[in-house]
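Biologist: Please show me the structure, and then let us go through how its parts pack together.

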2 protein chains.
Amino acid sequence: MTGRWVDDDNASLVTDLYEITMAAAFHAAGAFETATFDLFVRSLPGPRRFLIAAGLDDALVFLERFRFAGASLDYLASLAMFAPDFLEYLAAMRFQGEVRAPAEGEIVFANEPLLSVTAPLPQAQLVETFLLNCIGFQTMIASKAARIAIATGPDRSFVDFSPRRDHGADAALKAARAAVIGGAAATSLALAGRLYGLEVSGTMAHSFVMRFEEEADAFRHFARTFPGDAVLLIDTYDTEEGARVAAAVATELAPEGITIRGVRIDSGDLARLSRSVRRILDDAGHPEVAVFASGDLDEHRIAGMVAAGCPVDAFGVGTRLGTSADAPYLGVVYKLVEAAGRPVMKLSSGKATLPGRKQVWRGEDHDVIGLAGEDLAGRPLLDEVMVGGTRARPAEPIGTMTARRAAGVAALPERLRTLTGTEEPWPVRVSPDLAALRDRLTTELE
Amino acid sequence: MTGRWVDDDNASLVTDLYEITMAAAFHAAGAFETATFDLFVRSLPGPRRFLIAAGLDDALVFLERFRFAGASLDYLASLAMFAPDFLEYLAAMRFQGEVRAPAEGEIVFANEPLLSVTAPLPQAQLVETFLLNCIGFQTMIASKAARIAIATGPDRSFVDFSPRRDHGADAALKAARAAVIGGAAATSLALAGRLYGLEVSGTMAHSFVMRFEEEADAFRHFARTFPGDAVLLIDTYDTEEGARVAAAVATELAPEGITIRGVRIDSGDLARLSRSVRRILDDAGHPEVAVFASGDLDEHRIAGMVAAGCPVDAFGVGTRLGTSADAPYLGVVYKLVEAAGRPVMKLSSGKATLPGRKQVWRGEDHDVIGLAGEDLAGRPLLDEVMVGGTRARPAEPIGTMTARRAAGVAALPERLRTLTGTEEPWPVRVSPDLAALRDRLTTELE
């Protein structure tokens, strides 16, 4: 039986069919010249004032391994759409292009390339769909996570609890990675621990409590199984009573050397309950037991609780993080900007593009998008990460990306670190040379 | 180098860590008794008045292959959280439970099980996260697609164009499957054609047109590569001029026996442009060339164009279908309803559950949720699809699911086939026996 998973052997078919039909027509037309495509967003979604670049390393792994193997080629042949010489061309194809991109964890704004691919035209075209999916999704999640990190502030942390509500299994894995780049301290997804080396975190569900006749029995069993590491879920029946039971179990097990790491509240008025639960634990002599909160949280609810001084040590954020619920897609596009050394652009209504191979320079208080050959002031963001289909440097540790995001967000003007999205955006200018090129091509096309 | 894909060998780690910590505590407590969990939603999201069940077959494949294999077990051991005898228990574990569910394509309402799992408690617990993810995502997408199918009506069709905006690669694959169950005629995702046998569809992008000096050259090359099957994208520069060019190319190539299947409009005022483009094609003697529309479409925009009589033959729907953008998550939960033959429920604020193993009976104008042993009027929806970890019947063709959805939607009262969500919902009652059980347990718990 056929598997139902994406893998290295079939990932080249994670593509809109039209990439393949276009490649076939390019092949038939002898259009093998070098082309450059930019991947970017035209505007920032929802109240966002910046994006956090993410997904590059998975994109590079995809490009390194890109090929049309046996069963995928057989499938394409079975469609009876493609000429045999084109299928042979696909069978021999490896990605041989150049990739330039900002590092993961870097702050990026609208119209700035999240990725720039220069390769023989059919190759560059065939990888479009996957690259949009990969970079777009992880950038969306890292950007959402960065907002949540702003909300929690430096004294509290949050954990990705999203796997059950993410869109499929790969989304759960990639959301965990992107959430950590964006600021999550850990993820609940075990596979993200195994494949990406992320910190994993997990406690118990209501079903565990419900299995025992008495809540106290559930807590005792769990604490004995994980001495020193148990976080007890206290809202299955009554949250405040649950806190008293947890405190009693902590007292009862202390002589055995067992400590309770924390309690979790997952329903009700989290702000009010966090205070009463904290008081119950303290009054029972357990200031060491932390309070965790989860349940329908997002950056706004967390910011409200933090501003109110709620005694919550860490937050579990699931659905609204893993689906970027207030803005569940990023309008990433992948546009031809140069073909055979000739800068190009399109004029479709509302969708005009900036032509040519680009660089972005970050200044103290603005960015400039210019042409790759220009020498402008500021720090250039796009780096050559793949040359001739081979990585230009080893993969970065995810911790490096996390630190880059933290430093980048901290360096933003205060107004961009609020969550309302009503503030003056970061200025992104177009260099005089790029503006002149755009105007010349616009005139020619019209 | 480690792969970054979910596969049969690591899918058991597509789980919140807490499922494994709970299983470890159950194991330590000797809690191996049979338990039943129901997977359902508490309410319907957004303006939805019904859901379309989907994802069951992928869930059954997961359960059939469920195991903790080498590298996954090594990873869990490396966490230094789990006792060796528990890891041995995991190594030997296969899913041996029973699964009851409505068939894919069936209409389902709030509080009705989308899946019911009966298995030894640790097994039933360990599969929670994956089942929620799998059933929740596909049901969300099939339900969104069914709304789009209502909007297009029987005389027009739509195609899933979502892969680039779906949340990761697995989401693209599963969204395509669920979209077809919900009513899409085809998908643009090539891999969904290969792995699920779905109809695939694809045309060209703006980059193809931009590569050639003249739009007409691009159209000629494409039509010669795909004689009889080319759909030409006409909005790269100017849509109406593009329509004239397409018509001229159709006339020019006709003597070679080449026909143009259609033109696609992807930007601008689709309603207005569809009329002018249709007129241009007709005036040029090409009534056989179809008009396709795409770009930021959803059920509401399509319904508006259909109501206005716009001459669009088929729609491409991407982002808003594949992310279910107006309601990008489904609040699926997986709740313990019976343990060791004893019905259970929880009382958490706003999250109370119905206890016991259930059946749902569909009547002419209402549903009844009752206990599995009851004999009530109507058609029972939950069927035994897995027994002892083995499928009770072969997998259904996706076409059967699609037909079931179409018949189910057609049989709904007219008021539920509107898209506004303001109408009286379908009545879902609780049987007297189930209500009595719920009331008795509530009293006992309080």
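This is a predicted model: local features need pLDDT of at least 70, side-chain atom pairs count only at pLDDT 80 or more; totals for chains, interfaces and linings use all residues.

Biologist: How far apart do the C-alpha centres of domain 1 of chain A and domain 2 of chain A lie?

Modeller: Chain A is divided into domain 1, made of 33-63, 96-141 and 333-445, and domain 2, made of 151-322. Between the C-alpha centres of these domains of chain A the distance is 37 Å.

Biologist: Which helix gives the most to the side of domain 1 of chain A that touches domain 2 of chain A?

Modeller: In this contact, 14 residues of domain 1 of chain A face 16 residues of domain 2 of chain A. On the domain 1 side, α6 (128-152) and α15 (398-411) of chain A each supply at least two residues. By class, that side has 7 nonpolar, 4 polar and 3 charged residues. With 4 residues, the helix that gives the most is α15(A).

Biologist: How are α10(A) and α1(B) oriented to each other?

Modeller: Helix α10 (residues 215-225) of chain A and helix α1 (residues 17-28) of chain B have axes that come within 9 Å and cross at roughly 105°. Angles of 65 to 115 degrees count as roughly perpendicular. The two helices, α10(A) and α1(B), are therefore roughly perpendicular.

Biologist: How many charged residues does the contact of α10(A) with α1(B) have?

Modeller: From α10(A) come A:His221, A:Phe222 and A:Thr225, which meet B:Ala24, B:Ala25 and B:Ala28 of α1(B). By class there are 4 nonpolar and 2 polar residues, and of charged residues, no such residue.

Biologist: Are α6(A) and α7(A) parallel, antiparallel, perpendicular or oblique to each other?

Modeller: α6(A) packs against helix α7 (residues 169-182) of chain A with the axes 7 Å apart, at an angle of about 45°. The crossing is right-handed. By that angle, α6(A) and α7(A) are therefore oblique.

Biologist: How many nonpolar residues are in the contact of α6(A) with α7(A)?

Modeller: On α6(A) the contact residues include A:Phe137, A:Ile141 and A:Ala145, and on α7(A) they include A:Ala171, A:Arg177 and A:Ile181. The contact has 3 polar and 3 charged residues, while its nonpolar residues number 11.

Biologist: What is the orientation of α2(A) to α6(A)?

Modeller: Helix α2 (residues 56-65) of chain A and α6(A) have axes 8 Å apart and pack at about 155°. Their crossing is right-handed. Angles over 145 degrees count as roughly antiparallel. The pair α2(A) and α6(A) is therefore roughly antiparallel.

Biologist: How many charged residues are in the contact of α2(A) with α6(A)?

Modeller: Residues A:Leu56, A:Asp58, A:Ala59 and A:Phe62 of α2(A) meet A:Phe130, A:Leu131, A:Cys134 and A:Ile135 of α6(A). The contact has 7 nonpolar residues, no polar ones, and a charged count of 1.

Conventions: Residues are numbered from 1 along each chain as its sequence is written. Chains are lettered from A and ligands numbered from 1 in the order in which they are written. Domain bounds come from an automatic or database domain assignment. Two residues are in contact if their C-beta atoms, placed from the backbone, lie within 7 Å. Ala, Val, Leu, Ile, Met, Phe, Trp, Tyr, Cys and Pro count as nonpolar, Asp, Glu, Lys and Arg as charged, and the others, Gly among them, as polar. Axes are lines fitted to C-alpha atoms, for helices over the stretch in contact, and angles run from 0 to 180 degrees between N-to-C directions. Angles under 35 degrees count as roughly parallel, over 145 as roughly antiparallel, 65 to 115 as roughly perpendicular and the rest as oblique. A crossing is left-handed if the near helix is turned anticlockwise from the far one by less than a right angle, and right-handed if clockwise.
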